[in-house]
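Work through the exercises below with the sequence and the 3D structure at hand. Each task is followed by its solution.

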Amino acid sequence: MAIWSDLTNDVLEYITSFLSFPDRYRFGAVCRNWRSVSKSKQYPPTPQLPWLVIEEEKETRKRKFYSLSDDKHYSIEIPELHGRYICGSSHGWLFAVDIKITGILINPFTREYFELPSFPPFYKDEDVDTLIEKVPCDYVGGPRNYTFEEMQIRIVSKAILSHDPKERSDFTAMIMFGEMNTPAFWRPGDLCWTVVDGQKGSLYDITYFKGNFYVLSPVNVLFLVDFEPEPKLREVGPQLEVEGVAQEQYLIDFDGNLLLIERFCECVEKNKITTIGFNVIEPNLEENILYEWYDIDGYALFVGRNSSIYVNASHFRKCKKNGIYFTHITDPLDVCDDLGVYDMTDKKISKFYSVEVFPTPVGSPVWLTPNPW
């Protein structure tokens with residue numbers, strides 16, 4: 001009978017490549033040698049189910065996470081996130097804003113991070129003269145009738161990366177900020193954010209697809225971010241003729257296909273909305289044809305304030321095939337529990353968490369794919 005302690009490191013390293021992030025952490029807690037093996041990068045890690053980043057615990061100031069794979073919460077000490085609001089995630093990295101309206105880009109499990117420049121100023125109203133003469137001293141360009149805490153939550157609506165910063169140092173970070181969800185980008189070494197010109201109205205979502213950033217407007221017009229000679233939005237293709245009015249829309253690079261995900265909601269009581277369904281559409285920009293997808297070939301999607309994620313559901317025991325996992329989209333200052341999973345097969349919505357492990361969230365929880373390797 002084999003003795004675990006007699007296994008060679010190369011065998012142990014191969015075993016860890018099949019473990020989920022929580023199990024890999026437990027593996028490393030067995031002994032010093034196994035801890036060293038657990039940090040090895042000899043074999044690529046198994047695909048990971050996204051985690052849900054929730055609020056900070058007031059007593060301990062630890063950041064709380066929810067793991068879908070084992071239906072548990074984990075509280076992790078991450079000092080760099082103390083007091084910061086999570087406004088987005090991409091490639092396993094979090095965008096976080098503090099009450100002085102400064103931001104960081106951080107990998108919460110390796111604690112590698114980048115200090116981000118001050119965000120561009122934005123105004124609540126187009127007519128500056130109508131703004132209340134109450135100016136936060138550290139952010140004179142912002143809406144003058146918001147507190148620091150309110151601005152911290154409202155300043156950035158979406159934030160994504162072109163690449164994983166651990167794999168490419170020449171990555172680009174793109175945000176949508178302010179009342180109009182204006183796009184702006186930053187690259188390592190830049191001293192400030194660069195605002196992208198050419199915006200004609202408020203925007204919905206942004207994604208990175210085949211070497212370009214694509215932006216979606218509420219009237220279903222797609223724009224490409226053209227960086228040369230000056231950064232601007234360039235319309236690509238005619239307006240997409242989509243039926244119905246979606247509450248939210250998301251763009252995603254789904255295995256080499258650019259997909260548009262529509263989210264429909266209804267108001268169930270004052271200031272509270274509930275998600276009732278989704279449509280998945282593939283636009284053909286050259287021919288202005290929309291192809292509706294009735295399933296996603298056994299995959300699962302994860303949408304919300306994060307850069308949209310997809311996984312092969314067959315790789316995970318607790319992942320619904322053809323499911324769209326979503327977090328709530330109401331005003332981030334409200335408390336809401338509109339989280340669930342939509343089954344594209346039977347058109348039904350169910351909860352993806354156990355009642356006993358789900359806390360009342362503050363703001364919008366954010367999906368994050370663990371990337372500690």
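**Exercise 1. Give the strand order of the open four-stranded sheet and the sense of its pairing.**

Solution. The order is 3-2-1-25, and the pairing is antiparallel. Strands are DSSP runs of E of at least two residues, numbered from the N terminus, and two of them pair if DSSP finds at least two bridges between them. Strand 3 (72-76) and strand 25 (366-368) each have a single partner strand, so one side of each is left without a neighbour in the sheet.

The model is predicted: local features need pLDDT of at least 70, side-chain atom pairs count only at pLDDT 80 or more, and totals for chains, interfaces and linings use all residues. Residues are numbered from 1 along each chain as its sequence is written, and side-chain values use heavy atoms, with hydrogens and water left out.

**Exercise 2. Find how many bridges join strand 2 and strand 3, and which residue stands opposite Phe65.**

Solution. Strand 2 covers residues 63-67 and pairs with strand 3 over five bridges, in the antiparallel sense. Opposite Phe65 is Tyr74 of strand 3.

**Exercise 3. State what share of the protein's residues is buried.**

Solution. Of the 373 residues, 52% are buried, that is, under 20% relative accessible area with a 1.4 Å probe, protein chains only.

**Exercise 4. State what share of contacts between residues at least 6 apart in sequence joins residues at least 24 apart.**

Solution. A contact means heavy atoms within 4.5 Å. Among the contacts in question, 47% join residues at least 24 apart.

Key:
Buried < 20%, exposed > 50% of the residue type's maximum accessible area, 1.4 Å probe, protein only.
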